[in-house]
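Subject: Structure for your review

Dear colleague,

Please find the structure below, handed over for your own work. A summary of the findings follows it.

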Amino acid sequence: MSEWDDETGKHYSIFFNVFVLLQVFNEINARKLKSDEYNVFESFFNNKLFLVILVCTIIIQLTMVKYGGKSLKTVELSFKENLLCLLLGSSSLLSGLLLKVILPHHLIISLYGVELGESFKFYWKQPPADDEKEE
Amino acid sequence: MENFKLVRDQLCVLARSSPDDKYLITTGLKKLDHVVAMTGDGTNDAPALKKADIGFAMGIAGTEVAKEASGIILLDDNFVSIVTAMKWGRNIFDSIRKFLQFQLTVNFVALVMAFVGGAILRESPLNPIQMLWVNLIMDTLASLALATEPPSDELLKRKPYSKRESLITSQMWKFIIFQGLWQIAILGIILFKGKAIFIQDLKFSVFPHQLV
């Protein structure tokens with residue numbers, strides 16, 4: 001990187017922090033894949049390892065940014081800024097929910113989908129008429 | 001084959017089926033693109049067990065030949081174990097999907113941000129060590145976290161997947177792409193407008209952190 005002072009360092013630290021935290025919260029999103037499973041926290045506390053890893057990742061991330069120094073090109077962030085990063089990061093939870101609600105069911109995106117040999121496709125599936133519904 | 005098609009819709013339970021029947025059912029269902037599991041214990045069941053996608057052999061009553069030909073051996077001769085096997089199998093499949101969705105989103109966003117940063121700012125906003133942390137350690141932990149999800153009984157209620165079911169469903173593609181776009185939007189704002197937003201904070205905060 002060209003010039004690395006407190007200002008750019010801080011800028012990129014926040015960027016890095018938000019990037020990682022977005023992924024961490026997206027990890028929770030990934031627990032439920034179907035479009036009708038809105039509650040990603042269902043049986044959240046069944047898997048202790050998941051919680052431990054989630055908390056550990058966040059702690060390690062914040063510590064890394066704090067003590068990263070020159071090798072990581074990060075600077076220490078204030079409590080307020082960390083909170084802001086967490087807030088921005090958790091927005092991926094919100095968007096995950098929003099996407100499940102607003103994205104239309106008839107938009108089909110698939111790579112080598114149902115029929116073998118089909119390459120990437122992107123189309124609208126007509127909603128099936130009632131008498132044509134499968135079984 | 002035509003006759004088999006007629007029969008299979010009504011066929012539910014076949015009592016006292018001979019090894020030949022088993023073989024016939026397995027072959028027919030496989031031809032119709034079903035996933036077939038077959039149980040058996042005798043030596044003459046071996047062809048059907050071999051032919052099926054997954055063969056279950058009896059651990060106690062089964063002969064050596066049947067065990068050899070099967071994919072899974074039921075050690076306690078209990079059919080309930082098949083349900084358990086199914087539950088865990090489906091769970092593994094789902095776990096892989098969960099991890100794929102997570103991992104692809106991470107890489108999609110990282111790729112785009114590195115490219116945009118490289119193209120516009122002439123430097124990647126994420127430096128190599130940060131990328132290593134994200135890709136090697138964080139993703140490994142995440143895969144561990146997502147893969148250890150215990151199976152729920154919900155899994156048994158859904159229909160079986162077809163053989164040609166794609167690993168990444170349309171819903172997952174949608175999620176990966178739009179979630180990725182959302183994250184790129186947020187990170188893009190931070191990258192290009194971040195200084196303007198955070199710089200006020202900077203002026204008022206004291207910086208004890210000295211660079212070595």
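This is a predicted model: local features need pLDDT of at least 70, side-chain atom pairs count only at pLDDT 80 or more; totals for chains, interfaces and linings use all residues.

Residues are numbered from 1 along each chain as its sequence is written, chains are lettered from A and ligands numbered from 1 in the order in which they are written, and side-chain values use heavy atoms, with hydrogens and water left out.

Interface of chains A and B

Chain A contributes 66 residues to the contact and chain B 59 residues (contact means heavy atoms within 4.5 Å). About 5,900 Å² is buried between the two chains, 68% of it from carbon and sulfur atoms; buried area is the accessible area (1.4 Å probe) that two parts lose on being put together, summed over both. Of the area that chain A buries against chain B, 13% comes from Phe15(A), Phe19(A) and Leu33(A), more than from any other three residues.

The rule finds one salt bridge across this interface (a side-chain nitrogen of Lys or Arg within 4 Å of a carboxyl oxygen of Asp or Glu). Arg31(A) pairs there with Glu149(B), and their closest N and O atoms are 2.7 Å apart. Helix 1 of chain A gives the most to the side of chain A that touches chain B, with 18 residues; helices (H or I, at least four residues) are DSSP runs, numbered from the N terminus. By class, that side has 32 nonpolar, 20 polar and 14 charged residues (nonpolar: Ala, Val, Leu, Ile, Met, Phe, Trp, Tyr, Cys and Pro; charged: Asp, Glu, Lys and Arg; polar: the others, Gly among them).

Second largest pocket

Eleven residues line the second largest pocket, and Phe4(B), Asp21(B), Leu24(B), Ile25(B) and Gly28(B) lie nearest its centre. A pocket, on a 1 Å grid over the protein atoms alone, is an open set of points where a 1.4 Å probe fits, with protein on both sides within 12 Å along at least five of seven lines; lining residues have an atom within 4 Å of a point. Helix 2 of chain B supplies the largest share of the lining, six residues. The lining divides into seven nonpolar, two polar and two charged residues.

Salt bridges overall

Over all chains, the structure holds eight salt bridges. In one, Glu81(A) and Lys10(A) bring their closest N and O atoms to 2.5 Å apart. Glu81(A) lies in helix 4 of chain A and Lys10(A) in helix 1 of chain A, so this pair ties together parts that are 71 residues apart in sequence.

Yours sincerely

Technical notes. Helices (H or I, at least four residues) and strands (E, at least two) are DSSP runs, numbered from the N terminus.
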